[in-house]
Amino acid sequence: MFSRQAAHHDLRPMLREWAGRFTGDIVLRDQIVEATICTLIDDPDQIESIDARSSLLDVLRRVAMRILDWRKGPLDIRGYPEHNGYVLELSNGVKSDRMRFTSEKSAISYAKTLNVRILSIGAKVIPLRNAGRSHRRSTSRTSA
């Protein structure tokens, strides 16, 4: 017989690992996990039987973005290698967070999806504005 309580115990470690992609803060990570479980209890139809794992990740991603809405930016991001991976430090001037990635390439790809003001990778500082969104280049006009 399927036990709902047993499913929660098995589901939490996986969700906690996934939530770690969004924040290094343990308290926020646990909030994301619990909010995801509550969301799924309230509306279990959000999980598609064809690809349940992907559906779970989509729900967790939506919950994480709602909880971590401060990341809408604009953000200052500093990236650097650490141990066997790469770290991005995100800051909006009030809050900051550290995210770990397996490679510099995946860290930069993620950073480009955010509303970034400054992206500092190693010794290079790359000024950006809305790197993940399309933006108009400013052109100077001269009057005739």
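# Reading the model through its definitions

Modeller: Among contacts in the protein chain between residues at least 6 apart in sequence, 42% join residues at least 24 apart; contact here means heavy atoms within 4.5 Å. This is a predicted model, where local features need pLDDT of at least 70 and side-chain atom pairs count only at pLDDT 80 or more, while totals for chains, interfaces and linings use all residues. Residues are numbered from 1 along each chain as its sequence is written, and side-chain values use heavy atoms, with hydrogens and water left out.

Colleague: How many helices and strands does the protein chain have, and what pattern does it follow along the sequence?

Modeller: There are 4 helices and 5 strands in the protein chain, and they run in the order α-α-α-β-β-β-α-β-β. Both kinds are DSSP runs numbered from the N terminus: helices are H or I with at least four residues, strands are E with at least two.

Colleague: Why does Ser55 count as buried?

Modeller: Buried means under 20% relative accessible area, exposed over 50%, and partly exposed in between, using a 1.4 Å probe and protein chains only. Ser55 has 6% relative accessibility, so it counts as buried. Its place is in helix H3, and beyond its neighbours within four places in sequence, Ser55 touches Gln46, Ile47 and Glu48. For the whole protein chain, 32% of the 144 residues count as buried.

Colleague: What makes Met65 partly exposed?

Modeller: Met65 has 35% relative accessibility and therefore counts as partly exposed, as that value falls between the 20% and 50% limits. Met65 is also found in helix H3. Setting aside neighbours within four places in sequence, Met65 is in contact with Phe22 and Tyr110. Met65 and Phe22 are 43 residues apart along the chain, with 8.4 Å between their C-alpha atoms.

Colleague: How do you know that His83 counts as exposed?

Modeller: The relative accessibility of His83 is 76%, so His83 counts as exposed. His83 lies in the loop between strand S1 (75-82) and strand S2 (85-91). Although it is not a glycine, His83 has a positive phi of about 55 degrees.

Colleague: Which residues touch the most other members of the largest nonpolar core?

Modeller: Leu15, Trp18, Ile32 and Leu60 do, in a core of 17 residues. Such a core is a set of buried Ala, Val, Leu, Ile, Met, Phe, Trp, Tyr and Cys residues joined through side-chain atoms within 4.5 Å. Helix H1 (4-19), helix H2 (26-42) and helix H3 (52-67) each give two or more residues to this core, and H3 supplies the largest share, 6 residues. A second, separate core has 14 residues, including Leu90, Ala107, Val116 and Leu119. In soluble globular proteins, nonpolar side chains tend to be buried together.

Colleague: Why is H2 called oblique to H3?

Modeller: The axes of H2 and H3 come within 9 Å and cross at roughly 125 degrees, so H2 is oblique to H3. Axes are lines fitted to C-alpha atoms, for helices over the stretch in contact, and angles run from 0 to 180 degrees between N-to-C directions. Under 35 degrees counts as roughly parallel, over 145 as roughly antiparallel, 65 to 115 as roughly perpendicular, and the rest as oblique.

Colleague: Which residues of H2 and H3 make the contact?

Modeller: Among them are Leu28, Ile32 and Thr36 of H2 and Leu56, Leu60 and Val63 of H3.
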